[in-house]
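Let's take a walk through a protein together.

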Amino acid sequence: MASGRSLRHLIGLLASLLLCSVVAPGIVRAHAGLDYSLPTDGASVGTPIDEITVAFTEPVTLVGNGFAVLDPQNNELEPFAVTDDDIVFRLQFDPPLAGGTVAVKYEVRSEDGHVIDGNFVFVVDAPVPTTAPPTTATPTTASPTSSTIPPSTSSTTTAPATTTAPTTAVTSPAATTPSGGDDGSANSVVILIAVAVALAAGGFLLVRSRTAT
């Protein structure tokens with residue numbers, strides 16, 4: 001009887017240990033966590049950063065944007081997260097981050113619905129790149145060349161003004177010729193009227209003399 005009880009107790013103990021070995025990994029893996037980041041927390045980087053990698057221990061979904069970054073100039077950024085497996089996320093930046101401390105905050109949800117949030121900080125020990133293209137573009141201004149063009153156009157516009165003066169001088173003699181022609185025609189009309197009056201008077205006298213006889 002005692003040996004039977006001990007045997008049943010041993011079987012029960014082995015069954016509970018087997019159950020724990022099956023259930024316990026599920027409990028441990030229930031909540032996701034931060035696996036690693038590049039750059040790592042507290043790191044110092046000597047070159048500008050154009051990508052930050054954040055990896056979790058299991059697939060997660062983003063809460064909202066999922067990530068927020070405070071750059072060295074105290075600008076709060078919400079970069080777009082690129083992922084292929086919902087485990088490793090890549091945050092890309094253009095222009096790159098440089099010139100001081102960068103803080104990264106994350107907020108994700110694991111498969112069981114548990115929300116995981118946290119943050120890490122690293123330093124970019126590299127100066128902010130200067131924008132050289134604007135300085136090279138300023139000497140190539142077209143304003144000096146354009147200022148020399150208007151004088152040439154103004155000289156060409158004054159030339160047609162001198163051609164209009166002879167046209168008025170030509171028309172002035174032509175205006176005097178029609179006036180003489182009008183006087184000649186008027187004189188001829190007066191002469192014709194006088195001849196007609198004389199002929200009419202002569203005819204009247206001739207008719208009167210015949211009637212008197």
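Find Phe56 first: with a relative accessibility of 2%, Phe56 counts as buried (buried means under 20% relative accessible area, exposed over 50%, and partly exposed in between, using a 1.4 Å probe and protein chains only). Before going on, a word on what you're looking at: this is a predicted model, where local features need pLDDT of at least 70, side-chain atom pairs count only at pLDDT 80 or more, and totals for chains, interfaces and linings use all residues. Residues are numbered from 1 along each chain as its sequence is written, and side-chain values use heavy atoms, with hydrogens and water left out.

Now step back to the whole chain. It has four helices and nine strands (these are DSSP runs numbered from the N terminus: helices are H or I with at least four residues, strands are E with at least two). Of the 213 residues in the protein chain, 18% count as buried.

How do the strands line up? Four of them make an open sheet in the order β1-β3-β7-β6, with antiparallel pairing (two strands pair if DSSP finds at least two bridges between them). Its edge strands are β1 (34-38) and β6 (81-83), each of which pairs on one side only. On average, neighbouring strands in this sheet are turned by 25° against each other, direction ignored (the axes are lines fitted to C-alpha atoms, for helices over the stretch in contact, and angles run from 0 to 180 degrees between N-to-C directions). Zoom in on β1 and β3 (residues 49-56), and you'll find an antiparallel pair with four bridges.

Another open sheet has five strands, in the order β2-β9-β8-β4-β5, and here the pairing is mixed. At its edges sit β2 (44-45) and β5 (76-77), each pairing on one side only. Inside this order, β4 and β8 run antiparallel and are joined by six bridges. For instance, Thr61 has Arg109 as its bridge partner in β8.

Next, look at the nonpolar side chains. The largest nonpolar core has 25 residues, and those touching the most other members are Ile52, Phe56, Phe67, Leu91, Val102, Val104 and Phe122 (a nonpolar core is a set of buried Ala, Val, Leu, Ile, Met, Phe, Trp, Tyr and Cys residues joined through side-chain atoms within 4.5 Å). Two or more residues of this core come from each of β3, β4 (61-70), β7 (88-97), β8 (100-109) and β9 (115-124). Take Val104: leaving out residues up to four places away in sequence, it touches Ile52, Ala68, Val69, Leu91, Gly118, Asn119, Phe120 and Phe122 (contact means heavy atoms within 4.5 Å).

Back to Phe56 and its ring. The structure holds three aromatic pairs (rings of Phe, Tyr and Trp, with its six-membered ring, pair if their centres lie within 6.5 Å; planes under 30 degrees apart count as stacked, over 60 as edge-to-face and the rest as tilted). Phe56 and Tyr106 have ring centres 5.6 Å apart and planes at 75°, so this pair is edge-to-face. Because Phe56 lies in strand β3 and Tyr106 in strand β8, the pair ties together parts that are 50 residues apart in sequence. Tyr106 is buried too, with a relative accessible area of 7%.

Phe67 and Phe89 make a tilted pair, because their ring centres are 5.7 Å apart and their planes are at 55°. Phe67 lies in strand β4 and Phe89 in strand β7, so here the parts tied together are 22 residues apart in sequence. Phe56, Phe67, Phe89 and Tyr106 form one aromatic cluster.

Where is Val60? Look in the loop between β3 and β4. Val60 is buried, with a relative accessible area of 3%. Leaving out residues up to four places away in sequence, Val60 touches Ala32, Asp86, Phe89, Val108, Arg109 and Ser110.

Last stop: charges. Side chains of opposite charge can pair when their charged atoms come close. A search of the whole structure finds one salt bridge (a side-chain nitrogen of Lys or Arg within 4 Å of a carboxyl oxygen of Asp or Glu). It joins the side chains of Asp84 and Arg90, at 4.0 Å from N to O. Asp84 counts as exposed at 71% relative accessibility, whereas Arg90, at 24%, counts as partly exposed.
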